[in-house]
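User: I would like to go through the salt bridges and the overall shape of this model. Please set out the terms as they come up.

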Amino acid sequence: MAAIVPTRRTILTSLALTAGAMALSGTGIANAIPRTSPDPARPRTQPVIFVVGDSTSSAYQQSERPRAGWGQALPLLLGPQATVFDYAWSGASSKSFADAGLLDRVLALMQPGDYLLISFGHNDEKVADPARGTLPDSTYKEYLTRYVDGARARGGKPVLVTSVERRRFDSFGTAQDSHGAYPQAVRDLAASTGTPLVDLTASSKQLWQRLGPEGTKEHFLFLAPGEHPQYPQGSEDNTHFQAAGALAVAKLVARELQAKEIVPPGYFLNIDAGTDPLLGMYWPAERPVDLPVMLDVGRGRTFATVQAAVDSVPSNSTQRTVIRIQPGNYREMVRVPSSKPRISFIGQGGRPEDVVLVFNNASGTPKPDGTGNYGTSGSASVRIDGPDFEARNLTISNDFDEAANMGMKDRQAVALHITADRSVLSNVRMLGNQDTLLVNSPGTGVPARFYFDKCYVEGDVDFIFGRGTGVFSGCEIKSLDRGSATNNGYVTAGSQDLSIKYGYLFDQCRLVSDAAASSVHLGRPWHPGGDPRAVAQVLIRDSWLGAHVSGTPWTDMSGFSWREARFHELTNRGPGAQVTADRPQLPAAEADNYTVRAYLQGTDGWAPQLAGTAADTTTAPTGVPSGAPA
């Protein structure tokens, strides 16, 4: 399988908050994953609209959805001519953003023809705070001038944007000013320096007046208790936006950029489109400016083993920990407990084959302490329970030798056992024989979602199994040849509780094998302990099926009929794709209910498939400098 380079994200440091708080290994996440371009100065084919500002324009993370900034919504309005990189920082003023080195970092990313939208003011007004406060007719203008001059020095096009108004009405329902002299200072600076101006203060006040005190609640972060799982107690926030408000303000910005011909015609093609911002907007796992902890594993590095690096991560950390793994074979059992969320394993080789996490326990392997055998779930080479896990560009393997252990009764040998909700694995190889990949969840009836993007999974018997919800997008699924002319195994053995609507989706995958024709089943229903509610759900759609796939691809298991399971196919192709009475097809009317989005969104709207698309404002432009300052 060809190596897939994962999405690159530049993390810029917020020194004003973190200086002296931690010791970092390495120079930043930009070095954590392979680079696509050896020449960082290579011109881009599309200009980038950079957004710098405060919380009203910043991109928010998944755990804060539906809170959003207008910069996060801006790409929903764009045509194909440009992209958006939102580097606004919550709590920032023009002073604190520049003093933290973030302005210099953004300017280093800019190329001729790029735009820099500059929108500060909310926190400049906090003059009692020496780290942020500025005075409108002196230091405020002086700092903003640094942004304007810096963009021009890079051949970019600066645009000054006055602060969006807060939700503030008098007793008669009249929208009020909330920023004092700061918006006029921006207008004056724009006039004196010949800088294009978007007067968001004026246009947003007009919008709030039109909507009124009650109508504006649908735009600001006013949420009823229980309305969104991220805000179980509800919210009443007169400054920050929910998705609809972020999009409405982004439209104000886009219309003025277009009306004043600050951008060429046709940049914003979707201003009047009926876009649903909750579905179209991308919320990343962390905000773009969040600083991860970087740990290095390998010969001569800080940690010799992956497990040692995991063990060093503090429990319940709110920061992401990126564990960069140097090329080599790491023969160890790796465990990431549920108390350690937001961990990333990033292989540092040119291919996923270059970094291998491997062990060789089987279900029947005795534990060293004499307390019994490992069992199937315990045999895993790698087990991940900490939510929001990421893995890229590496191999996870269980190389237990079945042939050399024929006397062992239980030879199931798991490579990866994962229960961690909201996990993303990209360009990861998972190797084994029976029970290679255990797609699990913390408990029966407890949902857990996994996105396998351009991965490779191989095995023979039930080698993708368990009760979790897994999307396999653009993956290669290889059934090993067991030497039989009639039965070379089963791809899946799902066991989703009936309360869980979605099990496994194989979307635009390739199912391949060297085994005999019509000798591999797509799946069978696994009912652990005979549980009648554990009813597998598998959909294989828009995929290519090799000749190894049986003409009757679903089969019974332990007395449970496959016909009572939730097995379907849809618009597949290849020599193994047929439409017969023994191959249930998903009704066309149901196709929109069984998409990647539907499987993954859950109640919190998780949408990892949007990362790296035009909706993603956190993806660094091509030609990023190497890392953030430590």
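Analyst: A salt bridge here is a side-chain nitrogen of Lys or Arg within 4 Å of a carboxyl oxygen of Asp or Glu. This is a predicted model, in which local features need pLDDT of at least 70 and side-chain atom pairs count only at pLDDT 80 or more, while totals for chains, interfaces and linings use all residues. Residues are numbered from 1 along each chain as its sequence is written, and side-chain values use heavy atoms, with hydrogens and water left out.

User: How many salt bridges does the count come to by this rule?

Analyst: One of them pairs R342 with E286, with the closest N and O atoms 2.7 Å apart. By the rule above, the count comes to 30 salt bridges.

User: Which parts does the pair of R342 and E286 tie together, and how far apart are they in sequence?

Analyst: Helices (H or I, at least four residues) and strands (E, at least two) are DSSP runs, numbered from the N terminus. R342 lies in the loop between β12 (334-336) and β13 (343-347), and E286 in the loop between α9 (277-280) and β9 (293-297), so the parts tied together are 56 residues apart in sequence.

User: Are D296 and R324 buried or exposed?

Analyst: Buried means under 20% relative accessible area, exposed over 50%, and partly exposed in between (1.4 Å probe, protein chains only). The side chains of D296 and R324 meet in a salt bridge at 2.8 Å, N to O. This pair links strand β9, which holds D296, to strand β10 (residues 321-325), which holds R324, 28 residues apart. Both D296 and R324 are buried.

User: What is the relative accessible area of D514?

Analyst: D514 forms a salt bridge with K478, the closest N and O atoms being 3.4 Å apart. K478 is in strand β24 (residues 476-479) and D514 in the loop between β27 (510-513) and β28 (521-523), 36 residues apart. D514 is exposed, and its relative accessible area is 59%.

User: What is the radius of gyration of the protein?

Analyst: The protein has 12 helices and 31 strands. The radius of gyration is taken over C-alpha atoms, and the globule rule is 2.2 Å times the number of residues to the power 0.38. That rule gives 25 Å for 630 residues, and the protein's value is close to this, so the protein is as compact as a globular protein of that length. The radius of gyration is 27 Å.

User: What share of the 630 residues is buried?

Analyst: The C-alpha trace spans about 85 × 55 × 45 Å along its principal axes. Within the protein, the buried share of the 630 residues is 59%.
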